[in-house]
Amino acid sequence: MTVFTVKEMLEYAIEGEHSVLAHMIFWGMTTQGIAPEDDSNKLKDLDFDREAISALVKNNVLGMGQIKLFVMKVNAELFAFYFARNVLEANAHHTQLFFQKPLSIVEAERLLHKSMYFANLDKHMMLVEYRNELLQFPAYIGHAKAGDHKLYRLDQQKGINRVV
């Protein structure tokens, strides 16, 4: 059985956007003397203060979830995916890249843990994993057809909607 450190558990929780878990671990480290190099099983022995942890989550002291996933409907069948801080930033980035306004925009955090096929990378991964690889935001991720889990980058440089 693999033993994880508290630090590894915290990193996992943050990377996976598990806000409550991350804040529980943070609370244990800041108030209960749990050290980053400790065995994560030490966390099981804590009597967690639910009110304090709830306040940490509400105040988002770890700064989680600042980059969100936005999906834009661009026509009856096609959707564009973006990572951005807010809907205005995502919309402006789309308009700048594709010279068109989307029909609608929704925040789609529920899709973060869906496995998608990234055609330009020729691999499957969860959107949250892809976001963790990016360094700059807002970021265009790609386009997908309704109900499809395949993302394609559209090349607007050549003046046509071409899958690359």
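Analyst: Contact means that heavy atoms lie within 4.5 Å. Please note that this model is predicted.

User: Which residues of helix H1 are buried?

Analyst: A residue counts as buried when its relative accessible area is under 20%. In H1, which spans residues 6–15, these are Val 6, Leu 10 and Ala 13.

User: Why do the buried residues of H1 line one face of the helix?

Analyst: An α-helix has 3.6 residues a turn, so positions three or four places apart point the same way. Viewed down the axis of H1, the buried residues fall within an arc of 65°, and therefore they line one face.

User: What covers the buried residues of H1?

Analyst: The cover includes helix H2, residues 19–31. After H1 comes Glu 17, which has a positive phi, near 60°.

User: In what order do the strands of the sheet stand?

Analyst: Four strands form an open sheet, ordered S3-S1-S2-S6, with antiparallel pairing. Strands S3 (104–107) and S6 (139–145) stand at the edges with a single partner strand each, so one side of each has no neighbour in the sheet. From one strand to the next, the twist averages 25°.

User: How many bridges join S1 and S3?

Analyst: Strand S1, residues 68–73, pairs with S3 over four bridges in the antiparallel sense. Val 71 has Val 106 in S3 as its bridge partner.

User: Which helix packs on the sheet?

Analyst: Helix H4, residues 87–98, packs there and touches S1, S2 (78–84), S3 and S6. The direction of H4 makes about 125° with that of S2.

Methods. Residues are numbered from 1 along each chain as its sequence is written. This is a predicted model: local features need pLDDT of at least 70, side-chain atom pairs count only at pLDDT 80 or more; totals for chains, interfaces and linings use all residues. Side-chain values use heavy atoms; hydrogens and water are left out. Buried means under 20% relative accessible area, exposed over 50%, partly exposed in between (1.4 Å probe, protein chains only). Helices (H or I, at least four residues) and strands (E, at least two) are DSSP runs, numbered from the N terminus. The arc is that of the directions from the helix axis to the C-beta atoms. Two strands pair if DSSP finds at least two bridges between them. Axes are lines fitted to C-alpha atoms, for helices over the stretch in contact, and angles run from 0 to 180 degrees between N-to-C directions.
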